Amino acid sequence: MKYLLIDDNPIDLLVNEKVILNISSSNEVIKKQSGPEAIDYLKENRNSLPDVILLDIKMPLMSGFEFLEALEHQEVSLLKKMRVYMVSSSIDPLDLQRSEENPFVSSFLEKPLRKSILEDEFK
Amino acid sequence: MVNNPVFSEDLRQLIKAGNVMTGLEDILESVEKIFVVLDANLQVLYANPYAMDVGERLSDKNLVKGDQLLDILNNEARLNFTPKLNSALKGIEESGILKCEGMNGQCLYFKYTISPIYTHGRVNALLVEAKDYSNQIFVEQHIKTGNNLMDVIFKTVESSIIILDETAKVVRINEAFKNLSGFTENELLGISFSDLIMECEEGCLEKLKYEAGCQSECILRTNDPDGRVYVRASGKMLNSGEEEFLIISLEDISHQKKLENELRFSRDRLSSLVDNLSLYLWSLDTDLRFVIANNAAIKIFKKSFDYDFEPGDHILDLYHKRSQTDLELWMSNYNSVLETGESRYFELAENFYGRFTHITVELHPIHTKGKLSGISCLVRNDTNKYLKNQLNQALSNFKSRALNTTSINDLLWAVTDEILAHLHLEDAMILMKKEDMLHIKTAHGSKRVGHKRINSPLSIRVGKGVTGSVAATGKSAIVNDTSSDPRYFEVHFSAGSEIVVPIKVGNEVIGVINCESSHENFFKDIHLEILEEVAHVTSEKITQIVAERRLRKVEELNRAVLNSTPNGYMLLNASMQLESFNRIAFKSILNFKGEEITKGMDFRTLIMPEFIDEFVLYFNEALSGKLMRVEKELMHSRFGRLWFTTTFAPAVNRHQKVFGVTIIMENTSKSKESENLILLQNEDLRKANQELDKFVYSVSHDLRSPVSSVMGINTLIGMTEDLDEIKQYNDLIRESMQRMDSFIHNILDYSRNSRVELKFEEANVNELIDGILLDHSHMEGYKSIRIKRNIQLENFLMDKQRLSIIISNLISNAVKYHDPDKRDQHISITLVREDDYVVIKVQDNGQGIREEHLSKLFTMFFTANLRAKGSGIGLYILKETVDALKGEISVSSELGKGTEFIVKLPLPKAENNNEVLADR
């Protein structure tokens, strides 16, 4: 499985990468610190798209949802090929609601990512 | 006198006595009869002048003494007369008619008597008396013979003539009499004249026979059974020998008689009129002595002046016993007529029969044959008319006075002064009803003591006496003789007559007018009429006064309400003219327009020109029944900005009909202010809530973010045994904790800025910066950054805590976004004073900020960098703090080159600095 992690916090990126690799060392993890960088990556790797995107909600200049909007406008076909999980330390119910309403979002995951939850989701 | 034997005898006696010439000379000389005395030789002894005249007519002799009488006679007459004379000389008295022929051949007849005159037993003289009998003979002959000429005259003469014989039987009548009487001659012939007479004076016929020239009036009957004719008859006796005739000439005086009767009738009527006239008439001679007076005058003289009229009395005798009159006025007018000969008219008050009487007097001069001979005086009693006029005048005076009266008491005094005082009464008063009693309110006469004062209280129970019973029944009463009225009881003097009139409102008696006179039968219909009218007017006025009083009270209350509100009220009529307004409206318009409003002003002139069109529109809407409300902002030179709410409300009358518009002006400045304040506060609150939401969300996220990071790292630590790896994780944990710590500090700063009061104290900037730099020393990349300081103002008065937040955030920001790729990384801090400001500049050569992000830079939780190192709260706090100090912040930046922040803070004034800036 190929994972794309998008988070402005490098610590969270590191922690999440370790957790994913701990589930299976065969997993491939790509880390991007902002939405625009991730879009650039996806466009460049449209033939080897990640299976899963773990997307942080709160990021400067472009939030997780803004990323989805931008990608929907630019490359909706790409977006449709991936499972997107919103990830946040937020306990704001509005974020949960927006995640559920967004058709491209599979689920909302709370930080820190837990191994057991990831195993259930990505079997 | 020929046939008067007495005269002849006397004359004879006189002649016998030899005194013929002495005693009767005068008679003989003047009589138209012949007297001749002859001696025995028939020579004239005496001839009177008439005899001498006759002698001349018969011959050329005039019968002087010694002439022969027979010489004047013609032959035939001499022959006839001589035997008679001779016979007389023998002592025989002879008489007869002698026909003579005159000088001019005319035939004359003399009726004669020859009387012998004896002397010593012998006839020695003769008296010849003779009269010219020619006419009688002439007529006689024609009456008998029906001589044509005479007959024609007889028949055609206009006078009615009837001829009677000695036994007074009709012998002949002429044509005129036939016409007068309607009888034919044959019907009357042989009829006694007395049968024709219907009325005549006694001895009428004898008078006609014997009294020469006597006329007698009588009424004759005519052929018509009902007919009668008034005639004036004159008679003439005719002797012819043995026969005597009475010729009666009749003048028809029927017409004259009729006129006379009419005249007499009208004279009778006139005198009856004059005597029974209600006018008083008398006349005086030029010495002012009574000549005549009519019955009315004589009666009034007696009754009022106790004077018995007597012609010849002087006018002053009239006033001898009682002189209650304006004698001077009377006398001056009498004298004026005597002096000028012109009529005089005047009027005065008299006291006839002891009561007020008003008379008008006319004095007219009497002229007899062009000379002033007296004065006729005509007095008319016009008391009723005068009273009526006077009372009507009084009534109209009263009405006009009542019109302006506002109190009932004044009204009652107006009745008293204008009406009751003019009735010539001993006593008059007004009593008003209270419960079952009547109380005196005003009076004129014995009970009045001053302008508006009465001398004693008087109360009468309703139903008691005349006054009380009028109050009980509501019907006016006149008592002509109070002594005979059982209801009467003496109030204050023994009244003669009384009138009581109720004052009613509707059917309810509220008072009475009571008038009393000491005379019986004093009150007339006019009094009742006037007093009832007065009572009516009074009651209407009282009703009006009471209603007005109530209305005024209501109005006062309304006005008090209107004037006690802080709002201006104006009432406009349908033509947009000001009908009424309250004090506030007056003041408001005065303040805004500098104009004092008055009733009748046009609304459009009262408002600001820019509002006219709009307000007229609202006015018309209101006039059609809608309530309109408009809010306007006005600038006033003294009061500044003001908000006015103007309400246009339809003004309705009792019938719910809109007749105008009420305009209510409300100064809503205060409520508008608070409304605006609330709006502002709401806006603030909304913003605060929004911020709070965002804040809570962000805070929860930013606070939890490091926690969740640490929790994740903790999981990683659990998965490894490698100590180096664990140490690495430990560094990450510290980094996260630092982030959290910094965030918590920021939150504290934020909280402090918004809650803590300003506190100015002496600040040393260098010390401050030293502390801040120490705090930032552990930040990533700090050690490679050169800090430059240019502090030109080191010590100044400032809120130290806030100044620290400002500088700290500026440095923190510059450090966070340094550009690690640059070789000479630096931050320069400059602090200078410009006028009353301290200016802080922090400039770096860091990453710079995109231009499009500059405007959002100071909003909360905004970060302009993709790889943000902060929560985005620092610059927000910076801005807020600068604002709190009433300072300004500006930023200029160029991407890749660097950023410069300039903060300008006002320096507090030395004195009372805390208060000035604390007031925010």
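Helices (H or I, at least four residues) and strands (E, at least two) are taken as DSSP runs, numbered from the N terminus. The structure is a predicted model, in which local features need pLDDT of at least 70, side-chain atom pairs count only at pLDDT 80 or more, and totals for chains, interfaces and linings use all residues. Residues are numbered from 1 along each chain as its sequence is written, while chains are lettered from A and ligands numbered from 1 in the order in which they are written.

Chain B contains 27 helices and 36 strands. Of its 920 residues, 28% are buried, that is, with 20 or more other C-beta atoms, placed from the backbone, within 10 Å of their own. Two residues are in contact if their C-beta atoms, placed from the backbone, lie within 7 Å. Among contacts in chain B with a separation of 6 or more, 49% join residues 24 or more positions apart.

Within chain B, the axes of helix 15 (residues 383–403) and helix 18 (residues 525–564) come within 10 Å and cross at roughly 5 degrees. Helix 15 of chain B is therefore roughly parallel to helix 18 of chain B (angles under 35 degrees, taken from 0 to 180 degrees between N-to-C directions of lines fitted to C-alpha atoms over the stretch in contact). On helix 15 of chain B, the contacting residues include Leu387(B), Leu391(B) and Phe398(B); those on helix 18 of chain B include Ile530(B), Val534(B) and Lys541(B). This contact has 9 nonpolar, 1 polar and 4 charged residues, where Ala, Val, Leu, Ile, Met, Phe, Trp, Tyr, Cys and Pro count as nonpolar, Asp, Glu, Lys and Arg as charged, and the others, Gly among them, as polar.

Key:
Parallel < 35°, antiparallel > 145°, perpendicular 65-115°, else oblique. Buried ≥ 20, exposed ≤ 12 C-beta atoms within 10 Å, placed from the backbone.
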